[in-house]
Amino acid sequence: MNVAFFFEVLIGGLLAGVMYSLVALGFVLIYKASGVFNFAQGAMVFLAALTFVSILKMGINFWLALVITLGVMVVLGIGIEKIVLRPLVNQPPITLFMATIGLTFVLEGLSQLVWGSQPHGLELGIPDVPMEWLSQKWNINVSQFELFAAGVAGAMVAGLALFFQYTRIGRALRAVADDHQAALAVGIPLKHIWAIVWAVAGFVALVAGLMWGARNGVQFALTFIALKALPVLILGGFESVPGAIIGGLIIGASEKLAEVYVGPMVGGGIESWFAYVIALMFLLVRPQGLFGEKIIDRV
Amino acid sequence: MKHSTLALAIVASAGFSAGALAQAKEQFVPHSYYWVGPFAASGSGIAGGAIDYLNMLNERDGGVNGVKFTGEKCETEYNNARGVECYERTKKHPPTGATLVHPLSTGITYSLIEKGTADKIPIVSVGYGRTDAADGRIFPYIFPLITNYWSQNTAKIKFIGMREGGMDKLKGKKIVNLYHDSAYGKETLPVLEAQAKMYGFALTNIAVPNPGNEQQAQWLQIRQIQPDWVILRGWGVMNPTAIKAAQRAGYPRDKILGVWWSGSEEDVIPAGDAAKGYIAAAFNVSGTNYPVIQDIMKHLYAKGKGEMDDKSRIGSAYYNRGVVFSIITSEAVRKAQTRFGKGQSMTGEQVRWGLENLTIDDAYLKKLGATGFMQPLKVSCLDHEGGGAVKFQQWDGKQWKVITDWIASDQKLVRPMIEASAAQYAKEKGITPRDCSKEN
Amino acid sequence: MLYREAGQFKSTYAEDQQIFPIRQDRIAVAALLLVAFIVVPLLANQYWLSAILTPFLIFALATLGLNILTGYAGQLSLGTAAFMAVGAFMAYNFVLRMPWLGVIPSFILAGVCAAAVGIVFGLPSLRIKGFYLAVATLACQFFVLWAIQRIGWITNYSASGVITAQKIVILGYVFDTPARKYVLTLAIVAVMALLAKNLMRSETGRAFMAVRDMDVAASVIGIPMMKTKLLAFAISSFYCGVAGALFAYTYLGTVEPEAFTLDLSFRILFMVIIGGVGSILGSFLGAAFIVLLPIFLSVLFGAISHASGMEISHAVVSNLELIIFGALIVFFLIVEPHGLARLWQIAKEKLRLWPFPH
């Protein structure tokens, strides 16, 4: 058993897990504030990445394109909240969930209708090559880009944590997540808060889209990223931001370790279900996820 | 509105099959491809090429001996059920039903094998589909033309042998087969195992779960194995992800050999600079410098009638592949007309004969304006593949550069395997193989 | 005025407990079955039989299965396609290896295998609820597909993993034309729908509904949780397994694991929601809606582009179809969240008074 190789797999897994968390964060934000499991997050990631890349290709400066795309995502988020979710306000969660799946089709079709179906590459200036000195010294390959992505994710989580903890809007968001009725009673404008949450989720989708687009190329398969984020969500709990990160780390590491060490014994390809089974195991011990809110049934 | 449209569809599809409108002089070709979803880039490119070539023939030559091509587009979304529905909807279209069908999906091809045979409509799967259908005695209506997965695989091993300095140098070398975990991906496992035994190289098969946008674990395994070559049998997003993951793992891209469904612009551009040096197989080439493409530009796009919105995609590997599909369609119709009536609309059964007796040699290619564009073809009752050779091209960051000539496949190895597999199918289904010597 | 039950008296308990207590309903259903079994196969053309009616019936059966689990028992499941896959592949294996069994018993055994898989993957439902359960069933979905691809025995060691279904021969009678396959499918689906309806009216059904509404209260009054939940998974998976077997034998003719992806599970869940959660009729209505909608859109756009003579790139058309499909789903959910079955109920209520206003 090569120890250096084990660490390489472990670190690679942890970093991949951080990438999953990036996507899971968007889910968590929306679920926390409005109780909707937004399956369309994957399509939003794709739309953000595709819009950004297409605007870049039109020759516009990188930062300006970023701002424009952010604007598009914010408008989209607010629009979704107004057109799709507000009419469905008191429906059972499964209806809302199905509505977001319908929304996924709309967003997927819209992205390819407006920007075409060609895949694009995305360069963020950080090459996806192993770090030289780690590679030379200990024969461990750790990608520079993944470290950068981990840094971005960390910064975003820290920023979100500060936002929720220390700003007025952040506190209002937490109040809404806790109890809609009570928040209304205290005078918090619910509709504005929901609009803000969706806008922030759009921003998170943009960052996730940039990271994943740079990693794998911007093409339709980005929408499947949502499926990678789901086990992270159930392990960490649907409503918890630290849960998304911890869940991501656990899922990423265990998935990669299993695929490398256990996979060859059973024919490989176990990554497709391993993450889900791990999350399932955790759920059997804690049915609401590691950091999720306990489900209290009132009879 | 719903009722009247559907009633119209019933009437249209039920009433016209008797061929009563003999004076229509049209040849209907269904275009059931995919323009949405994860494979939309490839599907729309191939569809564009296929539709454009037939339209160009209409414009330039008035069709084939005066019979113009008509078509209907149907979205299959790369989904078996939709593919079957598109097939059923278009198979009885006037005047003579569907000429032939290009399913552009191995799954849909499998679903249509029995239906096409029962309905007497040829199913043409150029470069994909059911490999053992190359034995035309058992699959009279199925044509895996030009080259199939097994043939291509042997050509790839030959190429590796070439690069290593001879087939005998393969002994002891390590080759990893990184494949998409699907029916398509698994097709070449038996032929690779057979070749590993024959040439003595160590083969490791590593599966990538669908859709393949996460390959870190697989490439870490590859890093451990340190193979001499990696064969990439991917599809869609798996391809650029693999190339990028190879860069991350520090594996040289010019030792990665992709199949022809991993060897197009759409597969390498998202990987950016990481893809420089990557080699892929191809049974058709990219580029606009061929008379066929020039004619399409002249007769269609100059008049604003082309299929592709984005003109830069003309000449891409997938677009040209679509053109090859339609060259086969039109020349099969032409051949059928030599026997069943020049200037008449051909039925599927007649076009089947045309396909089975289709010979496109170098002189013919020159007449078509496709020299070097596609390989010579010789289809027969026994051999529904007809070609078997591939070229290899290398991506230099901006375009594909052809680096070999046509490399033939190892039919001595492949053909017995095909015949064995086809015989098993015949036994299961109770099909008596045709006697090719009795056919003309 | 026409649709009223005045004057229809019940004199036995059996009459009182009929599925269709109103005579007009019985006549309508009898007429519908007559048309479906006799008139349609004689008159409908092959396209309708093999590309629309047969898949509609098969998906209706799968929707029935999911409705039993999600609509009646309240356990949200996204693994429907995996159960269909188990049914399809196991039916193939039974017919291949035990041809003396016959096709129908093979289907039934395939359903039983699917039920066994359903029980195993339903075990988490004893601990987990709601969306967490849905995502946990995804584990089932992905694992089953992986297992089918890995275990060569299941696909008879075919190189590509694609299997072709054998001919259906029942008592010497070959079912190979679209009309015959349609009638066979219709017969199986009709019988199973009747069974499902009666099951849901029985004690088991009431136990399911109690678990759905408030499972803690249900267990307090003595309904055994484990048995009920696992039974729901078993029955639901049985239905989905038979639907999968029919999918392979009477519809596509071949099966590969890629035909049973998560996409299919979502589609069937759509059929449940749009048809009406917890309604047998709703399963059929939802299946009809989702099966017909893409085809309708495709034909509509074809007609528009023909009529207007415009040359729209097909990429635009296809993407528009997708957008409109999604938008219609969302619109439908907003307008009638209880589904088509509710619309039908409202129609029947209004029909009782018609032509009088009140």
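This report walks through a sheet, a chain contact and a helix pair in a predicted model.

## Ground rules

Local features need pLDDT of at least 70 and side-chain atom pairs pLDDT 80 or more, while totals for chains, interfaces and linings use all residues. Residues count from 1 along each chain as its sequence is written, with chains lettered from A and ligands numbered from 1 in the order in which they are written.

## The sheet in chain B

Let's start with chain B, where seven strands form an open sheet with mixed pairing, in the order S6-S5-S7-S8-S9-S12-S13. Strands (E, at least two residues) and helices (H or I, at least four) are DSSP runs, numbered from the N terminus, and two strands pair if DSSP finds at least two bridges between them.

At the edges, pairing on one side only, sit S6 (202–208) and S13 (400–402) of chain B. S13(B) pairs with S12 (391–395) of chain B in the antiparallel sense, over three bridges. Here Trp395(B) stands opposite Trp400(B).

## Where chain A touches chain C

This contact takes 41 residues from chain A and 36 from chain C (in contact means C-beta atoms, placed from the backbone, within 7 Å). On chain A's side, the largest share is 16 residues from H4(A).

## Two helices in chain C

Now for H4 (80–97) and H5 (103–122) of chain C: their axes come within 8 Å and cross at roughly 140°. Axes are lines fitted to C-alpha atoms over the stretch in contact, with angles running from 0 to 180 degrees between N-to-C directions.

Definitions and conventions: Two residues are in contact if their C-beta atoms, placed from the backbone, lie within 7 Å.
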